[in-house]
Amino acid sequence: MKTRYSLHIQNSMTTRLHPVLRCAAIFALLPLFITSCKTTGGPTNGIPVGEFASLTGGTATFGQSVHNGDVLAVKEINDAGGVLGKPIDLMTEDDQSKTEDAVASVQKLVNSDHVIAVLGEVASSRSMAGAPICENAHVPMITPASTNEDVTKKGDYIFRICFIDPFQGQTMARFAVNSLGKKRAAILTDVKQDYSVGLDDAFKNMFTFLGGVVVSEQSYSTGDKDFRAALTSIKGSNPEVIFVPGYYTEVSLIVRQARELGIDVPILGGDGWDSPELTKGAEQQFNNTYFSNHFSTEDPDTTVQLFIKKYQDTYHTVPDAMAALGYDAARILADAIKRAGTTDSTKLRAAIANTKNFPGVTGTITIDGQRNASKPIVIIKIVNGAYHLAQRFGPNGEPMSSFQP
Amino acid sequence: MKSYPALFLSIAAIVGLSFVMPSLNDYVLGRIIYIGIMISLAVSLNLINGFTGQFSLGHAGFMAVGAYASAVITTFLNAQGYAMNGVTGAVAFLIALLFGGALAALAGLGVGIPSLRLRGDYLAIVTLGFNEIIRVIIQNVDFKIHGVDYIGGARGFSVLPLTTFTWVFIVAAVTIFCVENLVNSTYGRGFLAVRDDEVAAEAMGVDTTKFKVRAFVVGSFFAGVGGGLFAHSNFDITPLDFTFLTSIDIVVIVILGGMGSTVGVILAAIVLTTLSEVLRSVPEFRMIIYSLLLIVLMITRPQGLLGPATMERLLRRGKREKPLVTPVES
Amino acid sequence: MLQQLINGISLGAIYALIALGYTMIYGVLRFINFAHGDVFMIGAYVGYFAATSWLARFFPIGTVESTVLVFFLAMAICAALGAIIEFLAYRPLRSRPKLTVLITAIGVSLFLEYSGQLVFSANPRGFPAIIMNRAVVHTKTLTIDTVEIVVILLSLVLMFLLRVIVMRTKIGTAMRAVSYNQQAASLMGINISKVITFTFLIGSALAGAGGVLYGTEYPSIEPLMGILPGLKAFVAAVLGGIGSIPGAALGGLIIGLVETFVSGTAASTYRDAIAFAILIAILVFKPSGLLGKREIEKV
């Protein structure tokens, strides 16, 4: 025994296991522990399709919308007899808006639930965390709304059905210069969101390329509530147009505060603006604002109108773009399974890759060689809180309709 | 530590388990790797919070330093065409992890010094502040070398998947080994003395300042290494993976494990992670149940799931002679 | 510049209201009530539902009655919530180490946040305009509107009321006694539990009022909205000297102003870190805070 220096402190390791050995013993027991606790869903005769989404946590609002869209689509497909004569069995995992949990969710879906395909995520970073797992296991993954370019570069099995950040940023720059005729822009970016930073870069490059000048660049962080400091500084630089590529949570305040400060130039944004909550209580202030989006609820197209009606019947709110994208992602997958005639992963992958002119709610979707979606983009004009279709641009940035001011 | 048979057995265990583990389902293996990382993190935090009686809420900040530093190294080597597999890959990864740990230890030194004047709640909030400052700084760093993105700010940083079970096992074992030996050494009595009664310790000639800073440096070194493993098992990391909420997750493990009990902390890491997996079937209630459990446990078993006294009794089969004083800070 | 000043003051006023709750609870119980920011969130939601529910039929939004009702309900329900939290979660732990209580507080905080996401859904809601928003001063460089004025004035009134309660009433004296020395106060016949409950009632009511003001000024509320303002308000409380009521007001004001000024500069991306940097600096150089009394540690 060693000399004791203090009375009530446990001493010496003589009677204990060597720590490394103890560690080994614990690790050896772990598999038992976890496997025994695993929830066994029981065999179903449906086709297992996985979904991972942020149902709780910081970005729960997007996860919940996409999930609603997915569930609606699956229900509709199953009501119509399912695919290959079987119903689709949607297995949903919540990742709590955490990257680490996204990895665990996808690993569970792929390795434990043996899903034939995975739908998800909205946040690009979480899609990037899930993608390598799907790629290695050769399970096709379709992300409904991750707009970062790099997501689909993760492998041949990774697809997306939304447009990418640069496209959105470039389109808004084209719209600002060619349709609105503005040459001086200020940008207000959310530095906490990769999405916002991506749009900012693309807009800036295209805007300067088209002969415009970026006169002021300001930033904020998700969760901020007071933007008047940044806006006051923007106001001082006299812009003709302001680009705010953020999410509606902050944008609803930014626009309000901008108008209160007497900034009356047009304010532009991206699909992050889309939400019925955006203009609530500030309908007037949102006049003279535009944002790019995946679809317009005003679209007379029957697919769109039918979707809106069904969504409202089920969830009692107007669908946002995330819900529409979730709905399209699930339907494109079901369509691909039908065309493949099997759930074999190679054939299913090929079928998804061959998706051509799919009549989605968010436009006619064709999957291109980089596994990205080639599809049109709409620009929404907000008038007294109502969203009106202002202009439509094609997949290559060509205007598909003339601008209606 | 002189028991060579035990050491031999341990090595055999590592080799054996390393062969068995990869045959497991990737999901289970992934969770085991995660538990292993959490064990390293919690055991190292236990040195600061449990053994030395300081209260750090900034462990995720040190984790972030280690995660990003090691990921920068592995990404750089990979971009230079250096083989990241086999023995060369292992050496590179080891260097990256150690570098991450060293940088985190440096950050720990930076936090440890102002902490000397503070205790209890104040220290908690300052370490939380450091955590957030580190996160905000990382969020603002983004650079490219030869077309490869590093750090990536808010966008996130794609990291090579290098973490394997063997790595996690070795790091967890080394962390446990170091912390246990340090605390149980003659020298390490100083940590416990600082915790039990700082004034008395000072009066007895213990350099409390030195011990506090040492606890922070050693604790953050292992947090950095753990962060490195975390980054390389996640494919992609963003600054939002290292907010103070992550620190709280680790603190909860330490407290539920019974502050100052290494075995308890290891068990708590396993139990909490498993619980979180079990609760997957009820996603909306997962955090609600978790938080309620936390409150109830704190009220009914403040000494942790298995407090140090219980653990000790289990291990020594009743041979204890003195009741252990539960860590109390005044 | 003047505009930033006004913006900063109105933000600071709200931080100050939340900071007061922190300071009072810390003063009496010596622990950080992590759940305080979430009580603030509940306050905003109570305000939201009070203004938009069936009550709105009797009290149309925008009228004075409706505004008073919204504030009253938010403050009353938050006060009750605070007292219940104290009774259920903190009271059983009163003699336990502070760390245990802190972890419990974190548990309560997570519980309120995630229950909020479940019950209210994670979607942010637009807060109704319960105060008619009109520009009072409107020049090229400066705009001050009614909301800002109401926020600042109401915060001042509440702080004044609090000061009167703490300094002039019997229960306030008891609160000060408990905060000074709990044991001695108890020996003097003060019912400690009663004082603590009262402190939670008042502190949480202030958080509730803060929540409604925040919702009015920044009309987008969601279940996780309490985290950051909560933390910053705590920093404000420490900055001003924890336990000191004027200190909390001063601290809130400083944090609000600094944040607003930093936002307008190139360093705006570091905004969230600023509050903490100030906190660390103040604790390193003057741990008792700007207006706090230096406590001599009894050995």
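Let's start with B:Val171: is this residue buried or exposed? The cut-off for buried is 20 or more other C-beta atoms within 10 Å. B:Val171 has 22 C-beta neighbours inside 10 Å, so it counts as buried. Keep in mind that what we have on screen is a predicted model.

So where does B:Val171 sit? It lies in helix H6 of chain B, residues 165–184. And what does it touch? Leaving out residues up to four places away in sequence, B:Val171 touches B:Ser40, B:Val225, B:Gly226 and B:Leu229. Another pair to look at is B:Val171 and B:Ala104: they are 67 residues apart in sequence, and from C-alpha to C-alpha they are 16 Å apart in space.

Let's do a quick check on its length. At 1.5 Å a residue, the 15 residues of H12(C) should span 21 Å, and the end C-alpha atoms are 22 Å apart, which agrees.

Now, how many of those 15 residues are buried? The count is 11, so H12(C) is largely enclosed by the rest of the structure. Among the buried ones you'll find C:Arg271 and C:Asp272, along with C:Phe276, C:Ile280 and C:Leu283. What do they pack against? From chain B there are helix H4 (86–115) and helix H5 (120–139), and from chain C itself there are helix H10 (227–240) and H11.

Which one gives the largest share?

Find the open sheet in chain A with five strands, in the order S2-S1-S3-S4-S5, where the pairing is parallel. Which strands are at the edges? They're S2 (88–94) and S5 (158–160), and each pairs on one side only. On average, ignoring direction, neighbouring strands here are turned by 25° against each other.

Zoom in on one end of that sheet. S4(A), residues 141–143, pairs with S5(A) in the parallel sense over three bridges. As an example, A:Ile142 has A:Phe159, in S5(A), as its bridge partner. Then there's helix H10 of chain A, residues 321–340, which lies across S1, S2, S3 and S4 of chain A and runs at about 165° to S3(A).

Last bit: the domains. Chain A is divided into domain 1, which is 47–163 + 301–374, and domain 2, which is 165–293 + 378–393. How far apart are their centres? Taken over C-alpha atoms, 28 Å separate them. Where the two domains touch, 10 residues of domain 1 are in contact with 12 residues of domain 2. The domain 1 side of that has three nonpolar, five polar and two charged residues. That's me done, thanks!

Terms used:
Residues numbered from 1 in each chain as written. Chains lettered and ligands numbered in written order. Predicted model: local features only at pLDDT ≥ 70, side-chain atom pairs only at ≥ 80, totals over all residues. Pairing = 2+ DSSP bridges. Helix = DSSP H or I, 4+ residues; strand = E, 2+ residues; numbered from the N terminus. Axes fitted to C-alpha atoms, helices over the stretch in contact; angles between N-to-C directions. Contact = placed C-beta atoms within 7 Å. Expected span 1.5 Å × (residues − 1). Buried ≥ 20, exposed ≤ 12 C-beta atoms within 10 Å, placed from the backbone. Domains from an automatic or database assignment. Nonpolar A, V, L, I, M, F, W, Y, C, P; charged D, E, K, R; others polar.
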